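Please open the model in your viewer and keep the selection panel at hand. The stops below say what to select next and what is there.

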Amino acid sequence: MSGSLRITGLRRQFGGVAAVDGVDLDVPSGAVTALIGPNGAGKTTLFHCVTGIDTADAGTVTLSGKELSGLPPHVRARAGVAWTFQRIELFAGLTVTENVRVGAENRRGRPLLAGLLGLPDSRGAATRATAAAVLERLGLTPLADVPAGMLPGGTMRLVEIGRALAAEPTVLLLDEPASGLDDDQIARLAEVLRALAADGLAILLVEHDMRFVTGVADHAHLMVAGRIELSGRPDEVLAAPVAREIYVGES
Amino acid sequence: MFYAGLALNGLAIGCVAALAAVGLLATYRVTGVFNIAFGAIAVFCAYVMWQCVRVWRMPVSVSALLVLGIVAPGIGLVLERLVYRPLRRSGASGLLVATLGVLVLQLGLVFLLWGGRSYVDAPSLLPAGDVRLVGTLRLSNATIVELCVVALVAGLLTVLLKATRVGLMVRAVVDDRDLAEALVPADRLAAGGWAFGSFLAGLAGVLWAPIYHLDPYSLTLTVLETMGVAVLARLTSLPVAVGAALAIGVAQTELTAVHPAERWQGLVDAFHTNLFVLVLFAALMVVPRLGVRGSGAGGGVAGGLGGLQRPGARRTSRSDLVGRLPFGALSLVLTLPLFFDPADLRAALAVPALAVVFVSLVVATGYAGQISLGQAGYAGLGALFMAKLAEGGTPWLVALFLGPLLVVPIGWVTGYPAIHRRGLYLALTTFATAAVVARFVFAQPVFVGGLAIARPRGFTDDHWFYGLELACLVLALLLVRSLHTGPLGRALVALRDSEPAALSAGVDVRRLKVFVFACAAGLAGLGGALTTLAAQAFNPTDFDPVQGMVWFAAVAVWGVDSAMAAVVGAAALVAVDVGTVQGVSGLLIGVGAVLLGRFPGGISALVQRAGDWLGTPPRRSVGERRLSPAGRALAAQLRERRAE
């Protein structure tokens with residue numbers, strides 16, 4: 001299968017502990033891939049190595065064949081990797097629309113001097129349209145002019161996802177997107193993610209809500225202690241003894 | 001033998017520096033706050049001591065007991081209770097501004113109470129005379145006692161912190177006061193730490209004053225310079241700090257023996273008198289991965305400016321009439337000096353120039369999130385470049401703008417290392433830059449000697465020149481405007497609110513920061529050039545690094561977010577300086593900065609809140625006015641949910 005995002009032999013060590021220990025992972029376009037596993041399995045570290053927030057000790061990350069390893073985060077973002085954070089990171093001083101627009105208008109660098117001299121932005125109309133379309137898709141249009149800092153947690157998550165989508169990425173990484181959302185919002189999110197995948201986006205998500213995972217994901221990978229232990233269809237993976245031990249044994 | 005003699009002299013200098021460094025580090029170790037005001041507290045105590053002995057005729061021993069036993073620890077206790085305890089959650093920047101505030105406040109007090117006069121008859125605690133070592137080598141008793149004090153404090157503190165229960169508790173409080181509160185008497189320990197830190201400051205001041213002149217600035221500056229030693233010790237190791245201070249002291253005197261060719265002598269002299277500044281600068285450039293308490297999760301969230309800005313404050317401009325009203329009023333007020341009598345107009349010339357510098361601070365700190373104590377350096381460079389260009393035949397009016405433009409690349413180069421630092425270290429780096437520029441450029445006759453300053457043709461009259469200044473201020477405000485509108489403005493707010501999220505959106509955070517920092521340097525240069533033209537002379541004291549700190553504190557008090565508040569602040573500062581005695585403005589700024597933790601965002605935020613309260617119809621929240629009916633319903637729903 002031709003993976004849109006391909007991770008090979010990724011390792012990240014902290015002191016003597018390998019948080020990510022030689023992970024190979026394909027995130028194909030047009031599908032939702034879920035990464036599950038207990039806390040401390042290295043899922044978020046893996047994310048950080050893909051986005052460039054953290055630097056992997058070994059291994060490569062490629063996006064549609066283009067090598068990303070070693071690039072700083074904002075360059076990866078511009079190359080088509082979009083991501084959200086486990087702890088919500090919004091621009092509290094901007095409105096919902098403006099938050100999303102920041103995602104749209106920084107895809108390509110613009111000469112800083114042009115901004116300083118106050119030259120009109122040639123892409124202004126386009127980014128405004130993109131932002132509006134994304135808000136519509138996520139059902140956020142009524143809240144367009146509300147300062148993002150005033151929103152409740154679940155809605156903040158949606159705005160964060162909207163900001164990621166506005167960059168029109170090739171691959172979308174979501175770190176626990178369903179946490180803090182109510183049931184309506186989760187249903188809406190699942191619907192949106194399915195639609196995005198149908199449009200050809202590659203989606204990788206880390207999630208602890210197993211109902212959500214089985215409902216939305218095409219593939220699931222179980223990560224334990226820095227390694228991918230099991231891969232397959234979500235229900236298959238969750239039915240396997242290893243996963244049952246982790247998820248059922250816990251409760 | 002000659003060099004050994006020099007080394008012993010150097011030891012005396014190093015000793016004084018070591019005392020300051022140990023005091024700084026000890027305070028930091030027991031309170032978690034890097035007390036920039038250490039020197040100012042020392043100066044204040046030394047002045048009180050002088051007052052007791054020379055004016056009130058008290059015996060030296062009684063005075064010493066009073067100053068070191070009551071006054072100094074008392075200052076610490078008061079500061080802890082009134083300033084630092086309320087600020088404990090506001091992160092590195094909030095604390096930094098507070099310590100700056102204490103510095104400015106104490107200096108203001110010294111000016112107010114003693115008129116800023118310097119005295120040579122400070123009473124000495126130390127035995128006179130010296131001890132003969134070998135041959136002609138002599139070591140003064142004062143140096144010996146100081147060495148003992150330094151060793152004693154460093155040794156005792158190390159043992160106390162590492163090996164005792166109290167030390168463990170103190171470390172817990174410094175690490176995480178909120179957490180420690182549940183287990184140990186955190187408030188009492190913190191108060192004890194501050195009392196001890198201030199006691200050390202008082203001790204340093206009292207020991208110091210008789211060796212040097214007792215004057216408000218020298219001790220404050222020396223302490224600021226010895227921060228290099230503290231940085232070399234990574235703010236932790238007391239032995240490293242003592243060793244480094246002594247070594248630099250010795251190196252400084254040994255350098256006096258170096259006599260190169262005539263034309264390099266000036267440079268060597270500059271080196272040996274400013275070695276501590278150089279070490280501070282070099283240490284900040286070279287020492288990798290400097291971490292500082294309080295710049296982590298707590299302070300780092302809001303772009304590292306916790307306490308300086310009102311959380312979630314909106315910056316994108318509101319273009320309604322109400323928003324423009326104060327601007328109109330302000331421009332009206334700014335044109336008033338044109339109708340003043342000549343003397344008052346002359347005084348008012350300082351306002352637009354200072355306003356441009358203040359606006360540059362708003363750009364650097366409010367917009368790029370970079371604490372900059374170094375604006376004085378860039379301002380001075382702008383003035384200097386202008387003068388040099390004019391000397392080379394460029395018309396003054398062209399030079400006025402070309403000079404500051406030349407500062408932009410310098411801001412770029414010096415801003416680059418600065419942005420890798422955060423919080424305290426960033427502040428120190430910018431301060432060190434300004435200090436190096438002040439000592440190696442502004443203080444060197446080679447560069448500033450014989451500069452003739454003339455106003456541009458057609459603007460020699462004060463009225464016309466004031467008009468030119470206003471035009472420059474408008475230009476600066478226009479640049480600021482484009483920094484908070486459009487994609488660039490949004491990217492900057494994004495950067496301030498969440499750096500990781502800005503990166504994830506593709507914002508080139510580093511480049512943007514350096515760019516804005518460089519713009520701010522250029523603006524400061526313009527302000528400096530105007531200052532020089534207004535005075536029709538290049539005064540190095542206008543661009544003193546300590547001046548940069550006062551400016552920063554003033555802008556923080558008025559609100560780092562608001563360019564308009566910066567303009568008002570500049571006018572107020574000049575008015576207070578002209579209308580009252582020296583020291584009052586420092587006192588006011590100091591009090592404001594110290595209280596900043598209680599009203600984040602400064603005066604502008606207070607005014608804005610008052611305006612919001614007066615201007616908004618009752619109970620309709622911010623976004624609602626522009627919402628569709630469906631949106632209003634949703635917003636109501638959200639409110640309900642939040643109420644639950």
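**A loop residue in chain A**

Begin by selecting A:Ser64, which sits in the loop between β4 (58-63) and β5 (66-67) of chain A, where helices (H or I, at least four residues) and strands (E, at least two) are DSSP runs numbered from the N terminus. This is a predicted model, in which local features need pLDDT of at least 70 and side-chain atom pairs count only at pLDDT 80 or more, while totals for chains, interfaces and linings use all residues. Residues are numbered from 1 along each chain as its sequence is written, and chains are lettered from A and ligands numbered from 1 in the order in which they are written.

The phi of A:Ser64 is near 45 degrees, a positive value in a residue other than glycine. A:Ser64 has 15 other C-beta atoms within 10 Å and is therefore partly exposed; a residue is buried with 20 or more other C-beta atoms within 10 Å of its own, exposed with 12 or fewer, and partly exposed in between, the C-beta atoms being placed from the backbone.

**The sheet of chain A**

Next, select the open sheet of 6 strands in chain A, whose order is β6-β7-β8-β3-β9-β10 with mixed pairing; two strands pair if DSSP finds at least two bridges between them. At its edges stand β6 (81-83) and β10 (227-232) of chain A, each with a single partner strand, so one side of each has no neighbour in the sheet. Within chain A, strand β3 (residues 31-36) and strand β8 (residues 202-206) pair in the parallel sense over 5 bridges, and A:Leu35 stands opposite A:Val206 in β8(A).

Move to B:Arg234, in the loop between α10 (227-232) and α11 (238-255) of chain B. B:Arg234 has a positive phi of about 55 degrees although it is not a glycine, and it counts as partly exposed, with 16 C-beta neighbours inside 10 Å.

**Where the chains touch**

Finally, display both chains: 40 residues of chain B are in contact with 38 residues of chain A, contact requiring that the C-beta atoms of two residues, placed from the backbone, lie within 7 Å. On the side of chain B that touches chain A, α22 (462-483), α23 (486-497), α24 (499-504), α25 (509-535) and α30 (629-643) of chain B each supply at least two residues. Which helix gives the largest share of that side? Select α23(B), from which 8 residues come, the largest share.
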